[in-house]
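Here's a quick briefing to read with the model open beside you. Have a look at the fold, then work through the notes by topic.

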Amino acid sequence: MKLPSILNLMTDDLAIDLGTSRTRVFARGRGIVVNEPSLLAYDTPSQEVVAVGLEALELEGRASGDIQIISPLKDGVVADPTFAGKLLEHYLRKARDGRSTLSRKVLVSIPADASTVEHRALYYAAKEAGVGNVHFVNKGIVAILGSGVDPDDQRATLVVDIGAGTTTIAAMVHNHLIFTRTLRVGGNDMDLALIDMIKQNHNILVGPRTAERVKIELGCAVPLDQENTTMVKGRSTIGGNPEMAVVNSIEIHEAIEPLVSRIVNAVQDALEALPPEASGDIYDRGMMLAGGASLLAGLDERLSKETELSVQLTESPQRAVIRGLGLLFENPLALRRAIIKSES
Ligand SMILES: Nc1ncnc2c1ncn2[C@@H]1O[C@H](COP(=O)(O)OP(=O)(O)OP(=O)(O)O)[C@@H](O)[C@H]1O
Ligand SMILES: [Mg+2]
């Protein structure tokens with residue numbers, strides 16, 4: 001066995017999936033070491049961060065006055081570079097856990113079609129967090145690898161990663177990405193649609209956590225035979241008092257349907273854009289789903305019905321991207337192909 005060099009003890013190879021809802025960090029040799037909400041709470045007058053991740057989540061919807069709870073990420077990219085930097089700094093410190101002070105190689109996943117401004121924002125956040133060299137990695141490729149696909153596979157594979165802010169559709173054959181597209185639609189948009197619907201139909205303003213709970217409990221991508229209901233509590237938009245209402249699965253389905261349709265249409269567009277041989281492979285193998293929002297009830301069934309392909313959910317779909325990032329450390333060729341840009 002080779003003894004670890006002093007450099008290896010002092011430095012760490014880290015990979016970061018800065019997701020709209022959760023930040024995940026993979027440390028080479030140790031696996032996923034951080035998996036927490038991409039949220040922070042700060043004091044507005046001083047701009048000082050008072051809580052990060054789960055602690056910030058606890059404060060959400062309850063803190064008032066000077067404390068603001070924000071997600072510095074929007075639609076899969078950095079919306080607030082300074083606070084994203086603070087979030088990253090906190091999580092990188094946690095990931096290093098006193099083992100190392102430096103990171104030799106830091107991989108960060110980013111949508112393939114992210115704009116230059118979006119690249120700069122992420123780079124700035126990484127610099128704020130004290131990262132030296134940043135390698136931007138194609139999110140589509142890592143979603144595919146993290147779904148268990150062998151990068152050397154000679155036949156095409158299609159993966160759809162439906163997260164909180166983005167849907168990434170990517171197809172790969174023999175280590176080459178043959179298609180990738182990012183739709184800025186995800187589970188958060190469904191939550192927002194539910195907040196609107198509850199306001200319109202019941203005159204109650206609910207928070208994002210309530211909307212997410214409603215979606216997970218009763219949201220469905222196909223019409224349900226049986227009507228189910230759930231209770232929600234929030235603030236009356238009429239009197240301003242705390243109020244409750246009963247919402248049913250039909251209105252929930254109708255509220256999220258336009259977003260489900262956009263995802264389905266984007267997958268259909270991707271299938272039409274594939275080269276013929278790759279189409280044939282996908283016809284035989286079907287597609288794989290990753291990302292937390294792929295767990296929406298009936299989404300696999302809906303996609304399968306509309307595309308006439310088999311649809312399979314990857315194991316713990318929310319972790320596909322971070323798993324794929326971790327696998328790149330062991331596969332130099334795939335890593336070279338996945339890197340979009342390196343900056344130091
Ligand atoms: N059982 C479920 N049913 C429906 N949606 C779910 C379920 N479980 C999780 N989700 C949704 O999945 C989303 C989170 O997925 P994920 O962790 O993959 O996103 P992310 O990586 O943070 O976002 P992105 O990749 O878009 O930046 C949230 O919108 C969450 O509500
Ligand atoms: Mg994601």
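How do the residues of the shell around ligand 1 divide into nonpolar, polar and charged? They split into five nonpolar, 14 polar and three charged, where Ala, Val, Leu, Ile, Met, Phe, Trp, Tyr, Cys and Pro count as nonpolar, Asp, Glu, Lys and Arg as charged, and the others, Gly among them, as polar. Keep in mind that this is a predicted model, with local features needing pLDDT of at least 70 and side-chain atom pairs counting only at pLDDT 80 or more, while totals for chains, interfaces and linings use all residues. Residues are numbered from 1 along each chain as its sequence is written, and chains are lettered from A and ligands numbered from 1 in the order in which they are written.

**Around ligand 1**

- The shell holds 22 residues, and Gly19, Thr20, Gly163, Gly187 and Gly292 come nearest to the ligand; a residue is near if its C-beta atom, placed from the backbone, lies within 6 Å.
- Two helices, α6 (187-202) and α7 (208-218), each supply at least two of the shell residues, and α7 gives the most, with three. Helices here are DSSP runs (H or I, at least four residues), as are strands (E, at least two), numbered from the N terminus.
- Both domains take part: the shell around ligand 1 draws at least three residues from each of domain 1 and domain 2.

**The two domains**

- The chain is assigned domain 1 (8-141 + 321-343) and domain 2 (149-313), with bounds from an automatic or database domain assignment.
- Taken over C-alpha atoms, the centres of domain 1 and domain 2 are 24 Å apart.
- Their contact takes 21 residues from domain 1 and 18 residues from domain 2, two residues being in contact if their C-beta atoms, placed from the backbone, lie within 7 Å.
- On the side of domain 1 that touches domain 2, the elements giving two or more residues are β7 (73-74), α5 (139-146) and α12 (332-338).

**Helix α6 with helix α7**

- The axes of α6 and α7 come within 8 Å and cross at roughly 105°. Axes are lines fitted to C-alpha atoms, for helices over the stretch in contact, and angles run from 0 to 180 degrees between N-to-C directions.
- α6 and α7 are therefore roughly perpendicular (65 to 115 degrees; under 35 is roughly parallel, over 145 roughly antiparallel, and the rest oblique).
- Met190, Asp191, Leu194 and Ile195 of α6 meet Pro208, Ala211, Glu212, Val214 and Lys215 of α7.
- By class, this contact of α6 with α7 has six nonpolar, no polar and three charged residues.

**Helix α3 with helix α4**

- α3 (residues 81-96) and α4 (residues 116-128) have axes that come within 7 Å and cross at roughly 45°, so the two are oblique to each other.
- The contact of α3 with α4 divides into seven nonpolar, two polar and three charged residues.

**Helix α8 with helix α10**

- α8 (residues 249-273) and α10 (residues 299-307) pack at an angle of about 45°, their axes 10 Å apart, which makes them oblique.
- The crossing of α8 and α10 is right-handed.
- Val260, Val264, Val267, Gln268 and Leu271 of α8 touch Leu299, Arg302, Leu303, Glu306 and Thr307 of α10.

Notes. Left-handed = near helix turned anticlockwise from the far one by under 90°.
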